[in-house]
Amino acid sequence: MTGESSGLIVTPGVVDEVPVLEVANVVKRFGDTTALDGASLKVYEGEVVAILGPSGSGKSTLVRCVDQLEAIDGGAMFLDGELLGYERIHGHLRPLTDAGRRRQRRRMSMVFQQFNLFPHWSVLRNITEAPVAVHGIPEREARARAMELLERVGLSDKADAYPRHLSGGQQQRVAIARGVAVDPRILLFDEPTSALDPELVDEVLQTMKQLASTGRTMVVVTHELEFARNVADRCVFMAEGKVIEDRPADEFFRDPRSARLRAFLARSGRSPIEVEG
Ligand SMILES: Nc1ncnc2c1ncn2[C@@H]1O[C@H](COP(=O)(O)OP(=O)(O)O)[C@@H](O)[C@H]1O
Ligand SMILES: [Mg+2]
């Protein structure tokens, strides 16, 4: 099938590799609202995947389900081929214990719109806490690594500062360093620049771009179309809880296939013609 009737538009290609993340037909309901209505997505090692779509299309719910902040009502998710949220006992699937879920969540990091740094901890402690307390990295080693990461995000002079003394852009760069500090298999971003004053957006996007260039596997929910076009390998368009279009970034903008994506790009001031060349 072609066109919108088939639901999902994907560039065909054979990828003979276990994805780092697979989301397969995931359904998530909140009461009468179906936030995810059979959403599917695969993310391979080293890929940067941008998720775009109108407000309410299920983007946050998707990454929150992957991070197991929400339980799903249907479908399945896999991290490196391992089923997320469930374990198989004598052939039966059982929801994972909290400890089991925590073990799986250790292999991913989420960067939130509102940074979510611990206000009563220094920048350094915010970064070293999970490596030390959760991953058992020796304190000295975790600190050295945190200082390296702070240097990389341009904040080595802020190690002893508290989050309230930092701008939103600086806080988000700390949150990104914190996410990387546990060396996750995948980094999930949910509109990391949406809470920032416009003049602070670029420094965070630059930090993410640099991170992408180091080969990190990243899923980025964003409204920043330029960033998606320039940094993402693939762009995914969601509408009404489904992945409608999933294509290499250049094709996504140059040749959007679904009417809904075309309308979305036009509304965002990016008609296909404008982005050509
Ligand atoms: N905790 C919740 N309780 C009830 N409804 C929710 C909750 N979270 C999301 N929703 C609903 O699910 C749908 C998808 O929301 P969301 O994933 O936040 O979309 P997006 O991030 O694309 O804007 C929306 O209709 C939203 O109102
Ligand atoms: Mg959202």
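The largest pocket here holds about 620 Å³ of space. A pocket, on a 1 Å grid over the protein atoms alone, is an open set of points with protein on both sides within 12 Å along at least five of seven lines, and a lining residue has an atom within 4 Å of a point. Volumes are the space filled by probe spheres set on the points, with points joined across faces, edges and corners. Keep in mind that this is a predicted model: local features need pLDDT of at least 70, side-chain atom pairs count only at pLDDT 80 or more, and totals for chains, interfaces and linings use all residues. Residues are numbered from 1 along each chain as its sequence is written, chains are lettered from A and ligands numbered from 1 in the order in which they are written, and side-chain values use heavy atoms, leaving out hydrogens and water.

**The largest pocket**
- Its lining has 20 residues, with Arg105, Met108, Ala130, Val134 and Arg178 nearest the centre.
- Helix H2 (98-105), strand S9 (108-111), helix H3 (123-134) and helix H5 (168-181) each give two or more residues to that lining; helices (H or I, at least four residues) and strands (E, at least two) are DSSP runs, numbered from the N terminus.
- H3 brings the largest share, 4 residues.
- By class, you get 9 nonpolar, 5 polar and 6 charged residues.

**The ligand 1 site**
- Around ligand 1 sit Phe30, Thr33, Ala35, Pro54, Ser55, Gly56, Ser57, Gly58, Lys59, Ser60 and Thr61, each with a heavy atom within 4 Å of it.
- H1 (59-66) and strand S3 (33-43) each supply at least two shell residues, with H1 giving the largest share at 3.

- The largest cavity has about 70 Å³ of space.
- Leu149, Arg152, Val153, Ile176, Ala177, Val180, Thr207, Gln210 and Leu211 line it.

Conventions:
1 Å grid on protein atoms, 1.4 Å probe; cavity = no way out; pocket = protein on both sides within 12 Å on 5 of 7 lines; lining within 4 Å. Nonpolar A, V, L, I, M, F, W, Y, C, P; charged D, E, K, R; others polar.
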